[in-house]
Amino acid sequence: MDRIIFVNARTILPDCVKEGCRVSVKDGVIETLDWEFKDDTKDCQTEVIDCEGNYLSPGFIDTHCHGGGGSDFMDGSPGDVLTASRAHLKHGTTGICPTTLTCSDKDLFRFFDAYKEAKKTVEQMPHLLGIHLEGPYFAAGQAGAQPKEYLAAPRKEHYLEILNRGGSDIVKWSAAPELPGAMELGDELKARGILASMGHSDARLETAKEAVEHGYTHLTHFYSAMSSIVRDHGHRKLGLVEAGYLLEELNIEIIADGIHLPPDLLKLILKCKKHEQICLVTDSMRGADMPDGHSLLGPISHGVPVIIQDGIANMPSFDSFAGSVATTDRLVRVMVQKAGLPVWEAVKMAALNPAAFLGIQDSYGSITPGKSADLLIFDDDIRISSVYVSGNRQF
């Protein structure tokens, strides 16, 4: 079809929900929004989509995702990239940043090759918006599931090789700013236009302030694997959690599955942090969009056994969480139903805010003329019935 017109929808805009809005799409791009009746839908070149009173939403963007559908991005093949991405597509993620795990350079570069090959496929796929490097420059005490044998401090010759091998595909890098060489890494990332994020870190507030001056603008999975207030010889020392609240320059991402951050903590974050500085991420592993039972955290070749139960991946002993199995529709649902956000604002945290953090808000993230027609139709419970990527229905 030459043109698609969405009618009879509650259209989610960046600052409200509008009823009676007609959204016209042409050649994969949002063409117009209007509230006037036009008798142009009988044109044989126009397809009319009746949303039947449901929400019409921009597609979600997940900037921190490790896998889904039984595959992990670090499994190393183009097919794994496709499988994991498609698992999230049907849950409304129309743009995704496949995320690495701390690993050997050999495994990292193999993933780079798999990602480049996977980009050639567009059928039944979200936009592959670039790679998020999580590691290897992390504090051992905050490593979490990151393999400690590959942890390192940033060395210029090392990160330049990674940046040169990954090229423009690298759009985000998480690192611990207190490590030797981390400030210089931040300068390099800023110069290249790559989002520099602090995470898996024991940094104190003073280090976070310095890191902001060196280009770090983001905190990786807020509260998870990061320092908080401690007492040092009686004196209270603030950490990254407090930096996230105090430093207006810092944006944060949250795993809003209702488990990593319980609803009352989500409400505290919303009360204390500017909402345009918050984005939702799944941080999901291969168990996303999979049934409960046994799974693996990390690559198929040497992953850690976990058990998925009650919406979370647990260590076999059930003494700690092992990872997220969330999908982005679930995050939006939690923010609306348990944290009390209006639907338009929860969607903004899953769409426009992450696009803005990546610097791609002119092309993605909202129902705005000139942007990619990445659209979702869902009901009041955020149950998705249709997914469009660049105007093409994928689910």
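**Surface charge and nonpolar cores**

Helices α4 (182-192) and α5 (205-213) each supply at least two residues of a negative patch. Please bear in mind that this is a predicted model.

Where is glutamate 248 placed? Glutamate 248 sits in the loop between α6 (240-246) and β19 (251-254). Its relative accessibility is 56%, and exposed means over 50%, so glutamate 248 counts as exposed.

Let me return to helix α4, which also contains lysine 190. Is lysine 190 buried or exposed? Lysine 190 counts as exposed because its relative accessibility is 58%, the cut-off being over 50%. The C-alpha atom of lysine 190 is separated by 7.7 Å from that of histidine 214, and these two residues are 24 residues apart along the chain.

I now turn to the interior. In soluble globular proteins, nonpolar side chains tend to be buried together. In this model, the largest nonpolar core has 82 residues. The residues with the most contacts inside that core are Phe112, Ile162, Trp173, Ile254, Leu280, Met335 and Phe378. Which helix gives the most to this core? Helix α2, residues 105-118, does, with seven residues. There is also a second, separate core of 16 residues, and among its members are Phe6, Ala9, Val25 and Ile49.

Thank you for your attention.

Definitions and conventions:
Residues numbered from 1 in each chain as written. Predicted model: local features only at pLDDT ≥ 70, side-chain atom pairs only at ≥ 80, totals over all residues. Heavy atoms only, no water. Helix = DSSP H or I, 4+ residues; strand = E, 2+ residues; numbered from the N terminus. Buried < 20%, exposed > 50% of the residue type's maximum accessible area, 1.4 Å probe, protein only. Core = buried A, V, L, I, M, F, W, Y, C linked by side-chain atoms within 4.5 Å.
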